[in-house]
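Hello,

Here is the structure for your files. My notes on the ligand site follow below it.

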Amino acid sequence: MAIEHTFSIIKPDATRRNLTGKINSVIEEAGLRIVAQKRVRLTREQAEGFYAVHKERSFFGELVDFMVSGPVVVQVLEGENAVAKYREVMGATNPANAEEGTIRKLFAESIEANSVHGSDSLENAAIEVAYFFAQTDIVG
Ligand code: CMP
């Protein structure tokens with residue numbers, strides 16, 4: 001299996017509850033390495049651009065409002081099969097359907113306030129990483 005990079009966001013519901021360290025522990029326990037990380041306040045333009053694929057969805061406006069409601073932590077995670085691995089570690093989008101031990105089962109409040117985002121493909125991972133980080137920010 002190849003070493004991959006995937007992109008992660010610790011969302012405002014989680015930073016508000018001071019859960020960054022607990023979520024990072026789950027990530028690291030799963031064997032993923034945090035090779036870049038910064039805490040930022042997204043602008044509305046950044047949030048709209050990041051979630052542009054969802055702009056026709058009924059929940060788009062609420063999703064953007066939520067993502068700008070507090071600080072987020074953006075991260076690059078490295079590991080074998082990191083894209084699929086992190087999706088496993090996050091659990092289902094809706095925490096009601098998430099497996100025991102996953103980040104969303106442990107911490108998410110709702111389908112919207114679901115504590116973390118992770119890339120859904122290697123191609124999107126590269127796009128999402130580049131949205132927030134320069135190659136020189138990534139220290140493996
Ligand atoms: P994420 O993995 O960041 O990708 C898109 C986000 O939209 C998703 O996590 C949820 O936070 C949010 N989302 C997805 N489906 C819904 C929904 N039905 N209602 C509200 N928010 C949703």
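The shell around the ligand holds four nonpolar, three polar and three charged residues. Here Ala, Val, Leu, Ile, Met, Phe, Trp, Tyr, Cys and Pro count as nonpolar, Asp, Glu, Lys and Arg as charged, and the others, Gly among them, as polar. The shell consists of K11, Y51, H54, F59, L63, R104, I111, E112, N114 and H117, each with a heavy atom within 4 Å of the ligand.

This is a predicted model: local features need pLDDT of at least 70, side-chain atom pairs count only at pLDDT 80 or more, and totals for chains, interfaces and linings use all residues. Residues are numbered from 1 along each chain as its sequence is written, and side-chain values use heavy atoms, with hydrogens and water left out.

Now the polar contacts (pairs of N or O atoms within 3.5 Å). A side-chain N or O atom of H117 lies 3.0 Å from a ligand oxygen. For N114, a polar side-chain atom is 3.3 Å from an oxygen of the ligand. I111 uses a backbone N or O atom, 3.3 Å from a ligand oxygen. The protein covers 79% of the 460 Å² of accessible area that the ligand has on its own (Shrake-Rupley method, 1.4 Å probe).

On the record side, an unreviewed UniProt entry lists K11, F59, R87, T93, R104 and N114 under "binding site"; such annotations may be inferred rather than shown by experiment. K11 is in the loop between β1 (3-10) and α1 (12-16); helices (H or I, at least four residues) and strands (E, at least two) are DSSP runs, numbered from the N terminus.

Best wishes

Terms used: Polar contact = N/O pair within 3.5 Å; in protein donor to acceptor, adjacent residues only side chain to side chain.
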